[in-house]
Amino acid sequence: MNDMDTSPLREKWGDALGGGWVVLPNVLFRYQQYLGLDCEEMVLVSNLFASWWEVEKLPFPRTSTLAKRTGLSVRTVQRRLHSLEARGLLKRVLVGVGGNEPREVTAYDLSGLVKKLQILGAMQGEVIQEAKISGVTPA
């Protein structure tokens, strides 16, 4: 028996954790509207974070994989990723992956979004005031 077997996470989620889990900061959800993220973008960002296990190894799920997971069309996934990139929340990067047949794949650098989340986390009180002034009320 390890610590995970008796943890509050295991107690709450049980066997659902067998497929893995991801940590997302609450500011991502509380300031979704403030960040300009619609529901489709939120589900894509959540899937990208779920594919990002190590800081230095960027996630690289295919757009077709993201489409299957989310129920969005491949074209919608592409448009949403382009929108996120245009706003500086992610950057598409070509990276090489090893294996028997090395190839280049598109990876996603989420440092733009992470930086904004870090700022929001550090300035929550100020952000709430600014958001109220601009008519955006974080939950």
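**Questions at the model**

Guide: From the N terminus on, the elements of this chain run α-α-α-α-α-α-β-β-α-α. The model is predicted. The chain holds 8 helices and 2 strands. Of its 139 residues, 29% count as buried.

Visitor: What share of the contacts with a separation of 6 or more comes from residues 24 or more positions apart?

Guide: That share is 52%.

Visitor: Let us take H4. How do you know that the span of helix H4 agrees with its number of residues?

Guide: Helix H4 covers residues 39–50, which is 12 residues. The expected span is 1.5 Å times one less than the number of residues. For H4 that gives 16 Å. The end C-alpha atoms are 16 Å apart, so the two agree.

Visitor: What happens at the start of H4?

Guide: A side-chain oxygen of Asp38 comes to within 3.1 Å of the backbone nitrogen of Glu40. The cut-off for a polar contact is 3.5 Å.

Visitor: Which residues of H4 are buried?

Guide: Glu41, Met42, Leu44, Val45, Asn47, Leu48 and Phe49.

Visitor: Why is Ala50 called partly exposed?

Guide: Ala50 lies in helix H4. Its relative accessibility is 35%. Buried means under 20% and exposed over 50%. Ala50 falls in between, so it counts as partly exposed.

Visitor: Now the core. Which residues of the largest nonpolar core touch the most other members?

Guide: Leu28, Leu81 and Leu113, out of 24 residues in that core. H2, H4, H5, H6 and H7 each give two or more residues to it. The largest share, 5 residues, comes from H4.

Visitor: What does Leu28 touch, not counting residues up to four places away in sequence?

Guide: Leu28 touches Leu35, Leu37, Met42, Val45, Phe49, Leu113 and Leu117.

Visitor: On to the rings. How many aromatic pairs does a search of the whole structure find?

Guide: The search finds 2.

Visitor: What makes the pair of Tyr31 and Tyr34 edge-to-face?

Guide: The ring centres are 6.3 Å apart, and the cut-off for a pair is 6.5 Å.

Visitor: Are Tyr31 and Tyr34 buried or partly exposed?

Guide: Tyr31 has a relative accessible area of 2%, so Tyr31 is buried. Tyr34 has 28% relative accessibility, so Tyr34 counts as partly exposed.

Visitor: Why is the pair of Phe49 and Trp52 called stacked?

Guide: The planes of Phe49 and Trp52 are 20 degrees apart, and stacked means under 30, so the pair is stacked. Centre to centre, the distance is 6.1 Å. Phe49 itself is buried, at 9% relative accessible area.

Visitor: How do you know that strands E1 and E2 pair?

Guide: Pairing needs at least two bridges. E1 (residues 91–97) and E2 have 7, in the antiparallel sense, so they pair. Gly96 has Glu104 in E2 as its bridge partner. Val95 stands opposite Val105 in E2.

Visitor: Which residue in the hairpin of E1 and E2 takes a positive phi?

Guide: Gly99, near 105 degrees. The hairpin has 5 residues between the strands.

Visitor: Why is Thr76 called buried?

Guide: Thr76, in helix H6, has 14% relative accessibility. That is under the 20% cut-off, so Thr76 counts as buried.

Visitor: What makes the pair of Thr76 and Ser73 a polar contact?

Guide: The side chains of Thr76 and Ser73 meet at 2.9 Å. The limit is 3.5 Å, so the distance qualifies.

Visitor: Why is Ser51 called buried?

Guide: Ser51 is found in the loop between H4 and H5. Its relative accessible area is 12%, under the 20% cut-off, so Ser51 is buried. Leaving aside neighbours within four places in sequence, Ser51 is in contact with Pro59, Pro61 and Arg69.

How values were computed
Residues numbered from 1 in each chain as written. Predicted model: local features only at pLDDT ≥ 70, side-chain atom pairs only at ≥ 80, totals over all residues. Heavy atoms only, no water. Helix = DSSP H or I, 4+ residues; strand = E, 2+ residues; numbered from the N terminus. Buried < 20%, exposed > 50% of the residue type's maximum accessible area, 1.4 Å probe, protein only. Polar contact = N/O pair within 3.5 Å; in protein donor to acceptor, adjacent residues only side chain to side chain. Phe/Tyr/Trp six-rings, centres within 6.5 Å; stacked < 30°, edge-to-face > 60°. Core = buried A, V, L, I, M, F, W, Y, C linked by side-chain atoms within 4.5 Å. Contact = heavy atoms within 4.5 Å.
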